[in-house]
2 protein chains.
Amino acid sequence: MPKIWADTIELHRRDMQVAILDATAALIGEQGLGATTMLAIAERAGIGRATLYKYFRELDEVLVALHERDVASHLAALEAARDRQGTPWQRLERVLETYARLAHAEHGSELVARMRHSESVARGFQRLHQLLQALLEDAIEPRLVREDVAPPELAAFCIAALSDAHTLPSQAALRRRVQLTLAALRASG
Amino acid sequence: MPKIWADTIELHRRDMQVAILDATAALIGEQGLGATTMLAIAERAGIGRATLYKYFRELDEVLVALHERDVASHLAALEAARDRQGTPWQRLERVLETYARLAHAEHGSELVARMRHSESVARGFQRLHQLLQALLEDAIEPRLVREDVAPPELAAFCIAALSDAHTLPSQAALRRRVQLTLAALRASG
């Protein structure tokens, strides 16, 4: 098969997957996880059931793929927050605020609840931990962050301290929580 | 029925319940939750199955009662830590250390994992939150604890910051985590 054909087919595959996951997300948002069946997804995406089954063998595969896409987009947002200009402290603050906001926005998400113990969540937390650890290491040298506790432990503390962000009642409460978390990290000198 | 008889019967009932729950805890510890059946509990407690069923209608009732007893004993330990002498700050420190140690000791407990979403856990956290909130209120007046965040929010922060205590690798790591949590609460002045 000529390469341009293969590329076109691959592009079509990706477009189709995007359309299927978008349709699934919309269905879950509007009608809940209970109403999200393979048939409903196919109808919403405007494709036949047989076509849908060529891409995903069962509902669970669609849900896992959708959730992995969400995790990847959250990690991209966290990396963007990390990469904006500023001191290591400012970048740390931005990453924690972004994480708290993302976690808060997930409140009540049936998909997130269902995927809580999934591989993709575990991998997502691992990546978040690495990202925070690297930022904390950058912030120790200029004596912004305390050096009596190792960065991996500080990173785990940050994640724990924001672990109930989805239950906080307001954006103001989220910001206060991030400031509390940061206060624990600050070098005392 | 004369009162002394009624008292004796009530005492016997309680002794029997204690014996059943002790037997259940021992079984879970030695052979795991999977091997803990009504028959095994009766044998271990040295009673007949019919007698066991007079006290608990099914295995789940035994497990709930055992777990509630554990939660009650944890709350008693936290209250004892609170009531020992010291400044509000020292008492707060002791309560957080006690909570972290109790949570850590539960690591890998099948019963705790199974009861995670139970009513008794929810009530336990509510009591812990009240206890911390009262201690934090006591510590604000002498300017030990920051006053820019309300005590209920500070209490929720403490619980979140120690929420992964069961995963921490050592007693030293637990103590560092408690110190990090306290550092966030400290009045800045």
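In this predicted model, the side chains of Glu153(B) and Arg176(A) meet in a salt bridge. The distance from N to O is 2.5 Å. A pairing of this kind has a simple basis: side chains of opposite charge can pair when their charged atoms come close. Between chain B and chain A, the count is two salt bridges. Polar contacts also cross the interface of the two chains, where three residue pairs are found.

By class, the side of chain B that touches chain A holds 10 nonpolar residues, three polar residues and seven charged residues.

The extent of the interface can be described in two ways. By residues, the contact takes 20 from chain B and 20 from chain A. By area, the size of an interface is often given as the accessible area lost when the parts come together. Here, the area buried between chain B and chain A is about 1500 Å². Carbon and sulfur atoms give 62% of this area. Three residues supply 36% of the area that chain B buries against chain A: Glu153(B), Phe157(B) and Leu180(B).

The arrangement of the two chains was examined next. Two copies of a chain are related by a rotation about an axis and a shift along it. Chain B can be laid on chain A by a turn of 180 degrees, with a shift of 0.0 Å along the axis. The RMSD is 0.0 Å. That is the relation of a two-fold axis. The same surface serves both copies, as 100% of the contact residues of chain B recur in chain A.

Over all chains, the whole structure has 24 salt bridges. One pair is Arg44(A) and Glu30(A), with the closest N and O atoms 2.8 Å apart. This pair links distant parts of the chain, 14 residues apart. Arg44(A) lies in helix H2, residues 38–45 of chain A, and Glu30(A) lies in helix H1, residues 3–31 of chain A.

Two annotations from UniProt, each from an unreviewed entry, concern chain A. The annotation "domain: HTH tetR-type" covers residues 14–74. This span is 80% helix and 0% strand, and its end C-alpha atoms lie 20 Å apart. For "DNA-binding region", UniProt lists residues 37–56. That span is 75% helix and 0% strand, with end C-alpha atoms 12 Å apart.

Key. Residues are numbered from 1 along each chain as its sequence is written. Chains are lettered from A and ligands numbered from 1 in the order in which they are written. This is a predicted model: local features need pLDDT of at least 70, side-chain atom pairs count only at pLDDT 80 or more; totals for chains, interfaces and linings use all residues. Side-chain values use heavy atoms; hydrogens and water are left out. Contact means heavy atoms within 4.5 Å. Buried area is the accessible area (1.4 Å probe) that two parts lose on being put together, summed over both. A salt bridge is a side-chain nitrogen of Lys or Arg within 4 Å of a carboxyl oxygen of Asp or Glu. A polar contact is a pair of N or O atoms within 3.5 Å; within protein, one must be able to donate a hydrogen and the other to accept it, and residues adjacent in sequence count only if both atoms are side-chain atoms. Ala, Val, Leu, Ile, Met, Phe, Trp, Tyr, Cys and Pro count as nonpolar, Asp, Glu, Lys and Arg as charged, and the others, Gly among them, as polar. Copies are superposed by least squares on the C-alpha atoms of residues with pLDDT of at least 70 in both. UniProt positions are given in the numbering used here, feature names are shortened, and annotations may be inferred rather than shown by experiment. Helices (H or I, at least four residues) and strands (E, at least two) are DSSP runs, numbered from the N terminus.
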